[in-house]
Amino acid sequence: MLPPITQVSGRAVHVPGNDIDTDRIIPARFMKCVTFEGLGEYAFYDVRFEQDGTPKPHPVNAPERAGASILISGMNFGCGSSREHAPQALYRHGFRAVVAGSFAEIFFGNCTTLAMPCVTLAEADLAKLAAAVDADPSLEVTVDVQAKEVRYGKMVLSADIPDTAHAALVNGRWDPIGELLEGASNVDQTASRLPYLTNA
Amino acid sequence: MGKSLFEKVWEAHAVRRLSNGQTQLLIGTHLIHEVTSPQAFGMLRDLGLTVKFPHRTFATVDHIVPTDQRQEPFSDPLADGMIKELRRNAQEFGITYFDLASGRQGIVHVVGPEQGITQPGTTIACGDSHTATHGAFGAIAFGIGTTQVRDVLATQTMALSKLKVRRIEVSGSLRPGVYAKDVILHIIKKLGANGGIGYAYEYGGDVFDKMSMEERMTVCNMSIEGGARCGYVNPDEKTYAYLKGRPYSPKDTAWDEAVERWKGFASDPDCTYDDHVVFRAEDIAPSVTWGISPDQGAFIDENIPTFVGLDAAATASLKEALEYMKLAPGTPVKGIPVDVCFIGSCTNGRLSDFREVAAHIRGTKVAPGVKAIAVPGSQIVDQLCRNEGIDQVFTDAGWEWREAGCSMCLAMNPDKLIGDQLCASSSNRNFKGRQGSPTGRTILMSPVMVAAAAIEGKVADAREVFDLALV
């Protein structure tokens, strides 16, 4: 079994906006690599830096947000390209959980297999959390995967995560490879019933 | 109670239920390319695993290849390292690889169908979000991340939750000058960039029945831009006619058996859908985007939206888009000046796309100051175009005719926008920075609309430029 992911606590950073796509999270030119190492520094690169490398005023660049481990954004976060380089860049930058209004599916699955939980909040709760985080860089936020809650100060917000991802994270089965390998004989049986696999 | 194609294919490939409630789903065909596979092979080696079904795994190189100077080593050492890594992995694990010298290299979503690898009633996965393209053949095709590429390499399966199915019908007949690209841009605009989350899209009705296989591929290709992880069209006689005689299609008696089997996968007439949406073909006009998300679109005779009546979130979204695009609210989309014109990509880089444009651009010239490039989706598309003299039609009209690859769709090769250049593009994404410059701007449209923009030097109505309404 892998380490169960029951909750993530830490300071947060709010990157506002809906439909933030994976090209924005990691521009394509940084994908010219054969490992994921070093991607962390390029997270949100083109919205964080001018072309000459000068930092822009972006929430992730704010010195008081350094070391934040929880990322907060809007609707349809992680849409577009399936590139796992995007969650890899966020994880390697130091994020350990993402809270948003909704997630694009491929991105969500990629995050789960990296043990980086993605939970959603209702629109009003998300706005409340974002405002609190924006107002106080030192605010400690807890993403409680087990209890399906996001907490800060005295606030307890009801969060959502699909049952399958919830089970995978809290049971330490977020990387499915072990279980998929265990099913090898079942795979062969299913394959034997499909002519396009056996005729080849 | 009947079943949809999605349900039938899912049931035929479901191996077992996993402990978290997901399904272990058999992936019959795995397509790989140089960008999202090297890390997966690295993980495979770290875990001491091998490729379970190398004969069901097919590789090609598309994202990073230059489309002008192809001599190796490539001038970009990173790109050169990636093609060498793919070659090494394919060789070590015994995977069929359509390399540059094969004559069959191209964009993975163009290569699969033209080789006959893409077949009805099958499951396909590829580390690329435009894998839904293969759904045009009645396959269930998923874009996946690199860890899932590892899973499919090692086990020929992946862990997935079953999707709901939304039937999207477009009834009636498209008007002249309205193409498959306009249909999918319209659907995305109406249902939203996140409207398809949790769904597979089944495209049906008069318009999709009448479409060629290549037009169906254009539509299915952009399912992900509407948030749907896969999209498909039920297989029919056109599907079988397209596949017959292709290198990986079944042959002789196996062909007849395969067609019978394929027919059985089509959605039953009495099946139920989780959702059902109907559009009228006559309501669709040539379409363009004006923003930074594919659902920010308009018909060519419409204006960019204004801020009137918008709530705070919608105001912020429109403001961000227009500031980036350097466009004003309430102004016509027609007439926006363009710097670059690009025809190609897995969305619109097939023979019929170039053929249709060539039929209209004879005797025309690209406007002064506009850079126009045409990039075939595969070496075979390139050859077929050359056989018909289409490449010459383009070059005579002032276009550069390039070699096969993803090119200016995504900025991983030398074809990129510079500064805040604005590109009229037949590709699929208008995200910030998508075409290689952090301030570059993209307007998505059909290939014929791109050609009209190239001639006028600005976003134009192809029906007027080419007298299409009179056809």
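How many helices and strands does the secondary structure of chain A come to? The count is nine helices and seven strands, where helices (H or I, at least four residues) and strands (E, at least two) are DSSP runs numbered from the N terminus. This is a predicted model, in which local features need pLDDT of at least 70 and side-chain atom pairs count only at pLDDT 80 or more, while totals for chains, interfaces and linings use all residues. Residues are numbered from 1 along each chain as its sequence is written, and chains are lettered from A in the order in which they are written.

**View 1. Chain A as a whole.** The C-alpha trace of chain A spans about 60 × 45 × 25 Å along its principal axes.

**View 2. Helix 2 and helix 5 of chain B.** The axes of helix 2 (residues 38-46) and helix 5 (residues 146-155) of chain B come within 8 Å and cross at roughly 55°; axes are lines fitted to C-alpha atoms, for helices over the stretch in contact, and angles run from 0 to 180 degrees between N-to-C directions. Helix 2 of chain B is therefore oblique to helix 5 of chain B (angles under 35 degrees count as roughly parallel, over 145 as roughly antiparallel, 65 to 115 as roughly perpendicular and the rest as oblique). Helix 2 of chain B contributes Q39(B), A40(B), M43(B) and L44(B) to the contact, and helix 5 of chain B contributes T146(B), V149(B), R150(B), L153(B) and A154(B).

**View 3. The side of chain B that touches chain A.** In chain B, 63 residues are in contact with 55 residues of chain A (C-beta atoms, placed from the backbone, within 7 Å). Helix 5 of chain B supplies the largest share of this side of chain B, six residues.

Conventions
Two residues are in contact if their C-beta atoms, placed from the backbone, lie within 7 Å.
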